[in-house]
Amino acid sequence: MAPDTAIGDELLTRLRRFHEHTFPGIEAQYRDLVADGQHPHTLFIGCSDSRVVPYLLTGASPGELFMVRNVGAFVPPHDGSAGLHGTTAAIEYAVLALGVSRIIVCGHSHCGAIRALYFGGPAGALNLQAWLELGREAVLPVQPTPEALRRTEQRAVVLQLERLMSFPMVRAATEAGTLTLHGWHFVLEAGEVHVFDVDTGRFVPASLATHSGSGPYQPAPVDEAPPPASAAQLGV
Ligand SMILES: [Zn+2]
């Protein structure tokens, strides 16, 4: 089969356009980012879905978002094993080296990862199959209606926030008040992010929200720390 030169040429055109037309407008910014290094304030953990475009959503400039994206915007447990864990490595770097003050977990509507939890994934994708299990706990014992899928997508975001708290450096920073966790669900067709409110256990449209998401961390009582609330307890 002949290579698709049409796509290659289009990408080359876009690269040249960036260099000639876009870069001059942000060259000074990049010069500073090279001289001073990067100091992103936020770790953005997002689904790999091509329709989720973090810079469009947040209006962020270069240097603001440290990003890790994977299928489903999932966070593996920090179980003490050292291996080829790309997402875990990125979280460790963001918190321990960059000192980010926020972590956003951003799921979205019509997520293929969440659909695959109900309908299965492509044959032969053994790693994908294992990876998707990180969202299994969010699955509801109901027919996968559009509403059920939506709720599962949101529950999966909360599940990942909870799992972030299994990272010792995340727990320490949130308890010290230097790091906040934010759960987002981007509704593609509405062009609106719904943010998770840990106090009510609900996702609130950004247009109505009073903050950009919270949770799951709640200061624990001094004598006895209760287990973190699960997605089911939070009613999402
Ligand atoms: Zn997705």
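Which residues does Val 68 touch, not counting those up to four places away in sequence? They are Ile 45, Thr 87 and Ala 90, where touching means that C-beta atoms, placed from the backbone, lie within 7 Å. Before going on, keep in mind that this is a predicted model: local features need pLDDT of at least 70, side-chain atom pairs count only at pLDDT 80 or more, and totals for chains, interfaces and linings use all residues. Residues are numbered from 1 along each chain as its sequence is written.

Val 68 sits in strand β2, residues 65-70 (strands are DSSP runs of E, at least two residues, and helices are runs of H or I, at least four, numbered from the N terminus). Val 68 counts as buried because it has 20 C-beta neighbours inside 10 Å (20 or more is buried, 12 or fewer exposed, and in between partly exposed, with C-beta atoms placed from the backbone).

Now hop over to strand β1, residues 42-47, where six of six residues are buried. β1 runs parallel to β2, joined by six bridges (strands pair if DSSP finds at least two bridges between them), and Cys 47 stands opposite Asn 70 in β2. Five bridges also join β1 to strand β3, residues 102-108, again in parallel. Here Ile 45 stands opposite Val 105 in β3.

As for helices, have a look at α6, residues 146-164. It's mostly covered, with 14 of its 19 residues buried.

Key:
Two residues are in contact if their C-beta atoms, placed from the backbone, lie within 7 Å. The expected span of a helix is 1.5 Å times one less than its number of residues.
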